[in-house]
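Student: I have a new model open and want to learn how to read it. Please take me through it feature by feature.

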Amino acid sequence: FPAGVDGVLYQQATGKVTFQATSMRWAATEGEPRGVTVDVPSIKSTFLSKRDKNKAMLKIVTHAGDSYVFDFSRCGADLDKAFETRDLVRDAIHGLSAAQPA
């Protein structure tokens with residue numbers, strides 16, 4: 001899975017998505033330092049924006065009802081690359097989820 005993805009928007013701030021053994025983390029790379037960590041076992045579902053929209057978005061919903069929306073539209077030279085990057089992140093989340101013991 002990707003080591004890290006730069007240029008990801010979360011709550012109107014630009015940051016970087018990284019992965020640990022059981023979690024995904026977004027940390028701001030501009031402005032005030034802040035971040036959010038999502039434990040993979042807590043993820044109930046993921047949703048992708050449609051490709052006919054002009055934003056490559058990934059929504060994560062947890063079993064507790066929390067939701068996180070990440071915008072990958074600035075990740076890559078063009079929108080096709082942004083969708084590709086978003087899909088890689090989603091696949092990494094699913095890969096980590098499958099690796100977790102039941």
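**Reading the fold**

Student: How many helices and strands are in the chain?

Tutor: The chain has one helix and seven strands. Helices (H or I, at least four residues) and strands (E, at least two) are DSSP runs, numbered from the N terminus. From that end, the elements run β-β-β-β-β-β-β-α.

Student: What should I know about the model and its numbering?

Tutor: This model is predicted: local features need pLDDT of at least 70, side-chain atom pairs count only at pLDDT 80 or more, and totals for chains, interfaces and linings use all residues. Residues are numbered from 1 along each chain as its sequence is written, and side-chain values use heavy atoms, with hydrogens and water left out.

Student: How do I read overall dimensions?

Tutor: Start with the radius of gyration, taken over C-alpha atoms; the globule rule is 2.2 Å times the number of residues to the power 0.38. For 102 residues, a compact globule would have a value near 13 Å, and the chain agrees because its own value is 13 Å. Along the principal axes, the C-alpha atoms fill a box of roughly 40 × 30 × 25 Å.

Student: Which strands pair with β7?

Tutor: Two strands pair if DSSP finds at least two bridges between them. Strand β6 (residues 57-62) pairs with β7 in the antiparallel sense over five bridges. Strand β1 (residues 4-10) is joined to β7 (residues 67-71) by two bridges, also antiparallel.

Student: Which residues are the bridge partners of Asp71 in β7?

Tutor: Leu9 has Asp71 as its bridge partner. Met57 has Asp71 as its partner too.

Student: What lies between β6 and β7?

Tutor: They form a hairpin with four residues between them. In the turn, Gly65 has a positive phi of about 95 degrees.

Student: Which strand does β5 join?

Tutor: Strand β5 (residues 43-48) runs antiparallel to β6, with five bridges between them. One of the pairs to look at is Ser45 with Val61 in β6.

Student: Which residues other than glycine have a positive phi?

Tutor: Look at Gln11, with phi of about 50 degrees, and Gln12, with phi near 65 degrees. Gln11 is in the loop between β1 and β2 (13-19). Gln12 is found in that loop as well.

Student: Why does Asp87 count as buried?

Tutor: Its relative accessibility is 16%, so Asp87 counts as buried. Asp87 is found in helix α1 (residues 79-99).

Student: What does Asp87 touch?

Tutor: Contact means heavy atoms within 4.5 Å. Not counting residues up to four places away in sequence, Asp87 touches Leu48 and Arg51.

Student: What share of contacts joins residues at least 24 apart?

Tutor: Among contacts between residues at least 6 apart in sequence, 39% do.

Terms used
Buried < 20%, exposed > 50% of the residue type's maximum accessible area, 1.4 Å probe, protein only.
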